[in-house]
Amino acid sequence: MITEDTITEHTNTTGTHTTFYLQAGDANAIPIIMLHGWPELSLSWRHQLPALAASGYRAIAPDMRGYGRSTCYPRHEDYAQQHIVADMLNLADALDIERAVWVGHDWGSPTVWNIAAKHADRCLGVANLCVPYATLEFGWPGLTPHIDRNLYREDVYPAGQWEYMRFYEESFSEATATFDADPEAIVRLLFRKGSPEGAGQVAGTAMTRHNGGWFQGGQIPDLPRDEDVISAADAATYAKFLIQNSFFGPDSYYMNHSNNAAYAGEQPVPLEMPVLFLHGRFDYTCETMTSTLAEPMRSLCDDLTEHVVDSGHWMAQEQPAVINRHLLGWLARFL
């Protein structure tokens, strides 16, 4: 039986860049490469790695650049999508992987979508959690047209639920310093279950500029850890590397909307490979239940499977059994 104890740690260095990654399963099996988002680690896929390996796949989860034991860089532009895509393709090359199933969440999703659009020959299929195709990878033009203006009046919330991204652009040092002041508290605050109570309400991420910062008054709320999402040991690991590396790298992903839009191109490319998308019913920032955020994806993907998961944003950790069931069922259909 394959469990979390059978996940192994590895490092690959190509040129000046090092990628740390976790792996489980037979090295000769079909590869599934899973990309995490902000402000996570390869650890975010701890529930999927053993489940995929037990089903006969080679499961791989890297620390993205700026995170964990992968290389961190000093400039915002070092975190543009073109560099992150190159990291992942270089990792696949080093592991002799010609084609893989790519899975992403949060900022891992635009990287997976870019690989699918620009390197279809490297994809057996692609799956993403929370962030639909033809949105975040296109920068602001991919996001603002889908803001629900019935909920987010333009004169009050010009960037809708994405106001926090504008705050990074306008006040990066302040935002990063706030997080760096107490990463342990930030981890406890962030990794929480979703709730139906937020439906139809203004998302907290829309209030960042209005409040003059992430936390009105500057004090990070001291909340208890949500045991249904993250263990004490896992929370400590997240915090350890955020303390070691700073939030500079993770936050810099938000500073490349123009670079990312230029890299993505003027128009999204139709995707012919199998695509799986998992919606978070209670994800009120990447909100796809009532807004049009997922609509472009539906017209651009020839073979699209969609499921709604009763979870918030951290669905792979909040609802691991459900995510594993959807992933394995989808994989079994075409592999």
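So, where is aspartate 106 found? Aspartate 106 sits in the loop between β5 and α3 (108-118), and I'll come back to that residue in a bit.

Some housekeeping. This is a predicted model, where local features need pLDDT of at least 70 and side-chain atom pairs count only at pLDDT 80 or more, while totals for chains, interfaces and linings use all residues. Residues are numbered from 1 along each chain as its sequence is written, and side-chain values use heavy atoms, with hydrogens and water left out.

Okay, the sheet. When I say helix or strand, I mean DSSP runs numbered from the N terminus: H or I with at least four residues for helices, E with at least two for strands. Strands pair if DSSP finds at least two bridges between them. With that, we get an open sheet of eight strands, ordered β1-β2-β4-β3-β5-β6-β7-β8, and the pairing is mixed. At the edges stand β1 (8-14) and β8 (301-309), each with a single partner strand, so one side of each has no neighbour in the sheet. On average, neighbouring strands here are turned by 20° against each other, direction ignored.

Zooming in on one pair: β3 (residues 31-35) and β4 (residues 58-62) run in the parallel sense, over three bridges. Isoleucine 32 stands opposite alanine 59 in β4.

Now the helices on the sheet. Axes are lines fitted to C-alpha atoms, for helices over the stretch in contact, and angles go from 0 to 180 degrees between N-to-C directions. Contact means heavy atoms within 4.5 Å. Helix α2 (residues 81-94) lies across β1, β2 (17-24), β3, β4 and β5 (100-105), at about 110° to β1. Then there's α13 (residues 320-334), which lies across β3, β5, β6 (123-129), β7 (271-280) and β8, at about 165° to β7.

On to the core. Buried means under 20% relative accessible area, exposed is over 50%, and partly exposed is in between, with a 1.4 Å probe and protein chains only. A nonpolar core is a set of buried Ala, Val, Leu, Ile, Met, Phe, Trp, Tyr and Cys residues joined through side-chain atoms within 4.5 Å. The largest one has 109 residues, and those touching the most other members are Leu49, Trp102, Val103, Val126, Leu129 and Trp162. Leaving out residues up to four places away in sequence, leucine 129 touches a list including Trp45, Phe277, Ile323 and our friend Asp106.

Back to aspartate 106, then. Its phi is near 55°, positive in a residue other than glycine, and at a relative accessible area of 9% aspartate 106 is buried. Serine 246, in the loop between α8 (232-245) and α9 (248-252), has a positive phi too, near 80°. Also worth a look: the peptide bond from tryptophan 38 to proline 39 is cis, with omega near -20°. Most residues other than glycine have a negative phi, and most peptide bonds are trans.

Proline 39 is in the loop between β3 and α1, and serine 44 lies in the loop between β3 and α1 (48-54) as well. Serine 44 counts as buried, at 3% relative accessibility.

Last bit, cysteines. Taking a disulfide as a pair of cysteine sulfur atoms within 2.5 Å, the count comes to zero. For cysteine 123, the nearest cysteine sulfur is that of cysteine 301, 12 Å away. The sulfur of cysteine 286 is 5.9 Å from the closest cysteine sulfur, in cysteine 130, which is too far for a bond.
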